[in-house]
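The sequence and the model come first, and the notes follow by topic.

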Amino acid sequence: MSAGSLPKEISMTTDDIDCVLPTHMMAVHGPRPTNDPEAKTKVTLYPVHSLILAAYCAKLPAFPPLEVADPVETPTSRQFTLPIRPLYLHSPKTFPAILEYLYLRSPDILLQRLIPLPLPMVMIHKNEQHASLARFIGSRLSVPALFCQVSVVHGIWQNTCALGIFDDLLWGVISFAWKLAVTSLAVATRKPGVFEAYEKYERHFVLDDETEEEESSEEEEEGEGEEQEEQEQEEQEQEEEEQEEEQEEEQEEEHEGDDDDE
């Protein structure tokens, strides 16, 4: 099936009677091959729920209202029709990994798709172990396999940007996987300069982040100190006003007493 000959809808059958039926069929395709302009573009179909994609994909155009017939149910199956919606992505092959993350919201599973090792999410925050981990991966995997991993991580990044997914956990996994893929490739190709440059780059930005956090905390402390001084000053002024009022009342009482004596 090519992108130019897509039908408007597709009929499907499922034997899962209790499942929540998908609302759309995404027809995902990539760019046309430049070396063969007449070649057909490969299109892959993915059933999706529009609510999931609309909730996380800020750059995806809005889904139009559904105008489909109700499913035809039998005791063992359901037949239904889905509208087909084309979706152009630079890396169609990595779309399933993103779709899986949007549904499951599991960064651990996404990390397994990007790094060919059973790594827990806690490793992302252990910067002191990243170098040894990269050396381990670089010494175990072949250069072609590492190039494949770099391509996958880069594809995930491209699609995440194109779809407008703003998710801190997702971006944390992508950043960590990219770091491991690039530094492991540097180890495998015996280019320590790349590895050292990446470590230097990371140390620089980590220090910058720490400096910004320290400056931010200092500014907050200064702001709190200024607020406290202003509050104390207001309290002092209020006390002075109350004392003046008391003195005026005492003077008035004294005058009234003198008038009574006369």
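Leaving out residues up to four places away in sequence, R78 touches M12, T13, T14, D16, I17, D18, C19, L21, V72 and E73, where a contact means heavy atoms within 4.5 Å. The model is a predicted one: local features need pLDDT of at least 70, side-chain atom pairs count only at pLDDT 80 or more, and totals for chains, interfaces and linings use all residues. Residues are numbered from 1 along each chain as its sequence is written, and side-chain values use heavy atoms, with hydrogens and water left out.

**Confidence**

- The mean pLDDT of the protein (pLDDT being the predictor's confidence in each residue, from 0 to 100) is 81, and 77% of the residues reach 70 or more.
- Among the elements, the highest mean pLDDT, 96, belongs to helix α2 (residues 95–104), and the lowest, 65, to helix α7 (residues 192–261).

**Fold and surface**

- The protein has 7 helices and 5 strands; helices (H or I, at least four residues) and strands (E, at least two) are DSSP runs, numbered from the N terminus.
- Read from the N terminus, the order of elements is β-β-β-α-β-β-α-α-α-α-α-α.
- Of the contacts with a separation of 6 or more, 71% are between residues 24 or more positions apart.
- Buried residues make up 31% of the 262 residues; buried means under 20% relative accessible area, exposed over 50%, and partly exposed in between (1.4 Å probe, protein chains only).
- The protein exposes about 17600 Å², of which carbon and sulfur atoms supply 50%; accessible areas come from the Shrake-Rupley method with a 1.4 Å probe, and for residues only the protein chains shown count as cover.

**Strand β5**

- R78 lies in strand β5, which spans residues 78–88.
- R78 is buried yet has no salt bridge, and the nearest side chain of opposite charge, E73, is 4.2 Å away.
- For such charge assignments, Lys and Arg count as positive and Asp and Glu as negative, while His and the chain ends are not counted.
- A polar atom of the R78 side chain lies 3.1 Å from the backbone oxygen of I17.
- L82 is also found in β5, and with a relative accessible area of 2% L82 is buried.
- Not counting residues up to four places away in sequence, L82 touches K8, E9, I10, M12, P22, T23, H24, M25 and P47.
- L82 and K8 are 74 residues apart in sequence, and their C-alpha atoms are 8.7 Å apart in space.
- R85, another residue of β5, has a relative accessible area of 13% and is therefore buried.
- Leaving aside neighbours within four places in sequence, R85 is in contact with M25, M26, A27, L60, P61, A62, F63 and P64.

**Salt bridges**

- The structure holds 2 salt bridges; a salt bridge is a side-chain nitrogen of Lys or Arg within 4 Å of a carboxyl oxygen of Asp or Glu.
- Side chains of opposite charge can pair when their charged atoms come close.
- E100 and R113 form a salt bridge through their side chains, at 2.9 Å from N to O.
- This pair links distant parts of the chain, with E100 in helix α2 and R113 in helix α3 (residues 107–114), 13 residues apart.
- E100 is partly exposed at 24% relative accessibility, and R113 is partly exposed at 42%.
- The side chains of D167 and R105 also meet in a salt bridge, at 2.5 Å from N to O.
- This pair, too, links distant parts of the chain: D167 is in the loop between α5 (143–163) and α6 (168–188), R105 is in the loop between α2 and α3, and the two are 62 residues apart.
- D167 counts as buried because its relative accessibility is 9%, whereas R105 is partly exposed at 33%.

- In α2, the residues F95, A97, I98, L99, Y101 and L102 are buried.
- R105, which follows α2, has a positive phi, near 55°.
- R190 lies in the loop between α6 and α7, and its relative accessible area of 75% makes R190 exposed.
- R190 and S139 are 51 residues apart along the chain, and their C-alpha atoms are separated by 10.0 Å.

Conventions. A polar contact is a pair of N or O atoms within 3.5 Å; within protein, one must be able to donate a hydrogen and the other to accept it, and residues adjacent in sequence count only if both atoms are side-chain atoms.
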